[in-house]
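Here is a short briefing on one protein chain. Look at the structure first, then work through the points below.

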Amino acid sequence: MKALDKAKKKAKITVKVGGKKELPEDSVKVHDWKAAEETAAAQEDSAKEEESFEWVLPELDADQIEEFRPIHYTPAPKKKSIFPKKTAANRAAPAILFSVVSAVVFGALLGFVVLKFIAYGDHQTKLPNQQAEGAATGAAQQEARLPALSIGIIQAGVFSTEGAASKVSRELASKKVPSMQLSMDGQRYIFAGVADSPGTAKKMESAWKDKGVELYAKEISFSSKKVQTTTKDEQIFARETVPLFQKLAKETAAAVQNGEVSPDGMKTVGTAAGNVKKLAKVRQETLGRLKKYETAAYESLAAYQKSGNRQDLTDAEQNLLDYVKVYSGH
């Protein structure tokens, strides 16, 4: 009956906090009497157990309770290094040592290159001009041969002194007659014209009579000579220079006699002169001077063909005379 009387009463839950009994703010109302009786019986037993066990709950404010969310994170276990940690000083030491060694090696290499360059420059200055050109182009020197040259020439006099020869040369220049001095056998020769043969030279004598100059036609010959070449162009020029000169001498002499230039002859000369002019790598001194006078003679003759100016024809003869002097080596 005691249990039933207790069930009729309001069921309350007693919570001890810090050892003190406190009643909850809200009470539970039971309307099901049968269930209330069972609940009352259970509560009676529970009350007995609670008397022997005290609940201790921490005092927390409602605002301090945060919302808990599951976080799935498993930290990776840290591996211990078998090598000791290097300090900043230990790491800097190899870098400094490497910089010093690199600077020493680079300085030594630079000094070696500079010394080699200086030595190479000194060696190059000691070489002859032809050898230096051959070394610069990477071409080995090869021997070429200029063929023998035999031409008709107009002689203006022979003198024993250079002074006397120079006086006659000035007189010829004042009369617009070409001239060239050549020293042979201890004598100073003055030549005033070139032809392809002695016969053609003989016919040219009358062309200068109106100038008041006494001339003599002769034949002059020069033997073959060797030259050192360093380029393919020089070798080609050594073969083609004399044939071109003979063509130029023939056409120029004919123009001196007749006052006209043969179109067919100039066409042949023009082809040969064009081939020689294309040889850009003629650097050997003697060959280069021969090419210069030969090319100039053709250009003067071509100018005379167009303009008819007698001075152009005289210039062509002068360039041929200068060619002969270079070829003779005197």
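At 43% relative accessibility, does Glu299 count as buried, exposed or partly exposed? Glu299 counts as partly exposed, because its relative accessibility is 43%. The cut-offs are these: buried means under 20% relative accessible area, exposed means over 50%, and partly exposed lies in between (1.4 Å probe, protein chains only).

This is a predicted model, in which local features need pLDDT of at least 70, side-chain atom pairs count only at pLDDT 80 or more, and totals for chains, interfaces and linings use all residues. Residues are numbered from 1 along each chain as its sequence is written, and side-chain values use heavy atoms, with hydrogens and water left out.

**The whole chain**

- The chain has ten helices and eight strands. Both are DSSP runs, numbered from the N terminus: helices are H or I with at least four residues, strands are E with at least two.
- Of the 330 residues in the chain, 31% are buried.
- Take the contacts in the chain with a separation of 6 or more: 76% of them join residues 24 or more positions apart. Contact means heavy atoms within 4.5 Å.

**The salt bridge**

- Side chains of opposite charge can pair when their charged atoms come close.
- The structure holds one salt bridge. The term means a side-chain nitrogen of Lys or Arg within 4 Å of a carboxyl oxygen of Asp or Glu.
- Glu299 and Lys277 form this bridge through their side chains, at 3.7 Å from N to O.
- The pair links distant parts of the chain: Glu299 sits in helix α9 (residues 285-307) and Lys277 in helix α8 (residues 263-277), 22 residues apart.
- Lys277 counts as exposed, because its relative accessibility is 54%.

- Asp233 belongs to helix α7 (residues 232-258). Asp233 is buried but has no salt bridge.
- The nearest side chain of opposite charge to Asp233 is Lys281, 6.3 Å away. Here Lys and Arg count as positive, Asp and Glu as negative; His and the chain ends are not counted.
- Beyond residues up to four places away in sequence, Asp233 touches Leu279, Ala280, Lys281 and Val282.
- Glu317 lies in helix α10. Glu317 is also buried with no salt bridge, and the nearest side chain of opposite charge, Arg310, is 9.0 Å away.
- A polar atom of the Glu317 side chain lies 2.8 Å from the backbone nitrogen of Val194.

**Helix α5**

- Helix α5 (residues 162-174) has 13 residues. Its first and last C-alpha are 19 Å apart, close to the 18 Å expected at 1.5 Å a residue. The expected span is 1.5 Å times one less than the number of residues.
- Ala165, Val168, Ser169 and Leu172 are buried in α5. They cover an arc of only 105° around the axis, so they lie on the same side of α5. The arc is that of the directions from the helix axis to the C-beta atoms.
- The buried residues of α5 pack against β4 (149-159), β5 (180-184) and β6 (187-195).
- The face turned away from the buried side carries the exposed residues Lys167, Arg170 and Ser174.
- Just after α5, Lys176 takes a positive phi of about 60°.

**Helix α10**

- Helix α10 (residues 310-328) has 19 residues, so it should span 27 Å at 1.5 Å a residue; its end C-alpha atoms are 28 Å apart, which agrees.
- Asn309 caps the N-terminal end of α10, with a side-chain oxygen 3.0 Å from the backbone nitrogen of Gln311.
- Just after α10, Gly329 has a positive phi of about 85°.

**Two buried strand residues**

- Gln155 lies in strand β4. Gln155 is buried, because its relative accessible area is 9%.
- The side chains of Gln155 and Lys218 make a polar contact at 2.9 Å. A polar contact is a pair of N or O atoms within 3.5 Å; within protein, one must be able to donate a hydrogen and the other to accept it, and residues adjacent in sequence count only if both atoms are side-chain atoms.
- Ala192 is in strand β6. Ala192 is buried, with a relative accessible area of 0%.
- Among the residues that Ala192 touches, beyond those up to four places away in sequence, are Ile154, Trp208 and Leu321.
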